[in-house]
Amino acid sequence: MKTLELALAKHPFFYNFPEEYLRSIAGQAQIVEYKEGDILFNEGSDARKFYLIVKGKVALETYAPGKGAIVLQTVEDGEMLGWSWLVAPYKYRFGARVSHKTEMIVINGEELRRQCENDPRLGYELMKRMVHAITFRLEQTRLLVMDVYANRANKK
Amino acid sequence: MIMEEIKYNPEAVKPDPMVPAIYRVESFVNETADTFTVTLSPSGTTVADWVANQKQLDAAPGQFNMLYVFGMGEVPVSISAGADKNRLLTHTTRAVGAITKAMSVLNVGDMVGVRGPFGSSWPVAGAKGKDVVLVAGGIGLAPLRPVILALLARRSDFGRVVILYGARTPKDIIFSEDLKAWKKQPGVDLYITVDRGTKAWRGSVGVVTRLIPQIIFDPANTVAMLCGPEIMMHFTIDALQKRGLSGNSIYVSMERNMKCAVGLCGHCQFGQHFICKDGPVFTYDKIAGLLRKPEI
């Protein structure tokens with residue numbers, strides 16, 4: 001296995017992923033280091049890339065008038081970032097800013113999507129992992145909505 | 001009369017567990033806008049007081065006392081540090097009801113009543129030679145603090161020590177100075193996350209359970225100790241079990257309304273258990289069938 005294939009195989013998102021697919025995905029990927037403050041993408045921009053965080057921290061943000069940028073969540077070691085490349089209309093729903101020096105595997109999402117269209121087996125395997133990750137994210141969001149640490153005495 | 005100078009046989013005197021011993025407030029620290037820590041010194045003058053004091057000062061990590069604000073009533077409050085050489089009781093709680101709100105305006109020199117210590121404790125001895133994962137949510141860090149201090153005092157007795165702490169916002173983080181000190185301690189992995197960040201916050205944002213896939217521990221040789229809102233513990237248990245931890249290695253500290261604290265009144269009944277007497281610390285195996293049941 002080459003460096004990128006190995007890096008992909010070691011990332012939790014691609015755990016036990018078929019080797020032949022890793023090889024072809026590695027062909028559209030690169031390992032990139034970002035520094036603190038780098039903007040990966042802005043809210044509403046074209047979703048062309050799929051990010052796998054090897055080490056570091058990225059803040060998912062949105063903007064609220066009068067409040068500025070609000071961090072919704074940080075995405076960290078071993079997590080994936082950005083699924084909008086897979087979902088029409090292929091626009092990022094939130095912005096992403098690097099909040100600590102971060103090493104990532106950056107995959108060409110448009111090319112990966114084309115490969116998924118052409119090879120449903122790859123598409124299904126990838127989709128299972130995306131759904132798993134999205135479910136985990138949804139579960140966390142539901143927990144956040146519950147506001148479990150709130151002081152009930154202050155709630156009306 | 002200085003009670004400590006006199007040799008008593010503590011077995012000869014059995015203090016009534018329903019009678020509070022008298023303590024003096026020695027210090028009061030606001031941890032956050034609604035959470036505070038008080039330290040208390042024994043001030044009773046009877047032999048029964050002295051015997052009760054010794055038990056209270058020697059409480060095991062995870063146990064609690066009933067604190068009595070005179071004229072208001074009693075509430076269970078976590079012991080948030082073991083009594084050090086100064087022989088002070090340390091309690092941390094949050095102002096949520098009439099009694100804890102009255103407690104939140106105590107001053108140094110005020111007197112309170114203390115009954116206890118009550119309940120089961122964290123398995124410090126049972127964790128020897130093992131990795132220890134501690135997961136605290138919100139004020140749940142208070143009952144875990146004595147066990148963290150005990151583990152760090154005998155650091156070489158344990159494997160990895162991983163502390164995960166989730167708070168609502170950065171300004172709701174309690175024991176900030178301790179957290180800074182623990183983070184610096186060799187052999188301690190400490191992760192803090194908040195549900196809602198602020199502009200100044202540069203740490204993690206998200207629920208505490210999401211940290212579990214990232215941490216390093218040996219599932220076959222790990223003890224986990226959890227304290228926080230029940231729903232948070234439920235998801236934490238789920239995440240730990242996905243990592244391979246068995247139910248009898250996961251300890252949770254449960255909470256219900258308590259009144260007598262000695263298993264008589266039934267206020268804190270939790271299925272076949274009384275939280276005050278059989279808990280508050282249970283292995284997950286013991287209560288797995290009871291968690292997340294709306295009727296319980």
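Predicted model: local features only at pLDDT ≥ 70, side-chain atom pairs only at ≥ 80, totals over all residues.
Good morning, colleagues. I begin with chain A. Its secondary structure comes to four helices and six strands. Read from the N terminus, the elements run α-α-β-β-β-β-β-β-α-α. The C-alpha trace of chain A spans about 55 × 30 × 30 Å along its principal axes. Of the 156 residues in this chain, 31% are buried. If we take the contacts in chain A with a separation of 6 or more, 73% of them are between residues 24 or more positions apart.

Two packed helices are described by the angle between their axes and the distance between the axes. For helix H1(A), residues 3–10, and helix H2(A), residues 19–26, the axes come within 9 Å and cross at roughly 120°. That angle makes H1(A) oblique to H2(A). The crossing of H1(A) and H2(A) is right-handed. On the side of H1(A), the contact is made by Leu4(A), Glu5(A), Leu8(A) and Ala9(A). On the side of H2(A), the contributors are Leu22(A), Arg23(A), Ile25(A) and Ala26(A).

One residue of chain A deserves a separate remark. Phe136(A) has its place in helix H4(A).

I now move to chain B and its barrel. Six strands form a closed barrel in the order E1-E2-E5-E4-E3-E6 (chain B), with antiparallel pairing. Neighbouring strands of this sheet are turned by 45° against each other on average, direction ignored.

On one side, strand E2(B), residues 35–42, pairs with E5(B) in the antiparallel sense over six bridges, and Leu40(B) has Leu89(B) of E5(B) as its bridge partner. Strand E4(B), residues 73–81, also pairs with E5(B) in the antiparallel sense, over two bridges. There, Ala81(B) stands opposite Thr90(B). Why is E5(B) described as largely enclosed by the rest of the structure? Six of its six residues are buried, so the strand is largely enclosed. In a regular strand the side chains alternate between the two faces of the sheet. In E5(B), Leu89(B), His91(B) and Thr93(B) point one way, while Thr90(B), Thr92(B) and Arg94(B) point the other way, and all are buried.

Helix H1(B), residues 47–57, lies across E1, E2, E3, E5 and E6 of chain B and runs at about 35° to E1(B). Helix H3(B) lies across E4 and E5 of chain B, at about 30° to E4(B).

The other sheet of chain B to be discussed is open. Its seven strands have the order E10-E9-E8-E7-E11-E12-E15 (chain B), with mixed pairing. Strands E10(B) and E15(B) stand at the edges with a single partner strand each, so one side of each is left without a neighbour in the sheet. E11(B) and E12(B) run parallel and are joined by three bridges; Met225(B) has Tyr251(B) in E12(B) as its bridge partner. Helix H3(B), residues 141–153, packs on this sheet, touching E7, E8, E11 and E12 of chain B, and its direction makes about 155° with that of E7(B). Helix H4(B), residues 176–184, also packs on the sheet, touching E8 and E9 of chain B, with its direction at about 140° to that of E9(B).

I close with helix H5(B), residues 230–242. Its 13 residues reach 18 Å from first C-alpha to last, close to the 18 Å expected at 1.5 Å a residue. Which residues of H5(B) are buried? They are Met232(B), Met233(B), Phe235(B), Thr236(B), Ile237(B), Ala239(B) and Leu240(B). What covers them includes helix H4 of chain A, together with E7, E8, E11, E12 and helix H7 of chain B. H5(B) is followed by Gly244(B), whose phi is positive, near 100°.

Notes:
Residues numbered from 1 in each chain as written. Chains lettered and ligands numbered in written order. Expected span 1.5 Å × (residues − 1). Buried ≥ 20, exposed ≤ 12 C-beta atoms within 10 Å, placed from the backbone. Contact = placed C-beta atoms within 7 Å. Pairing = 2+ DSSP bridges. Axes fitted to C-alpha atoms, helices over the stretch in contact; angles between N-to-C directions. Parallel < 35°, antiparallel > 145°, perpendicular 65-115°, else oblique. Left-handed = near helix turned anticlockwise from the far one by under 90°.
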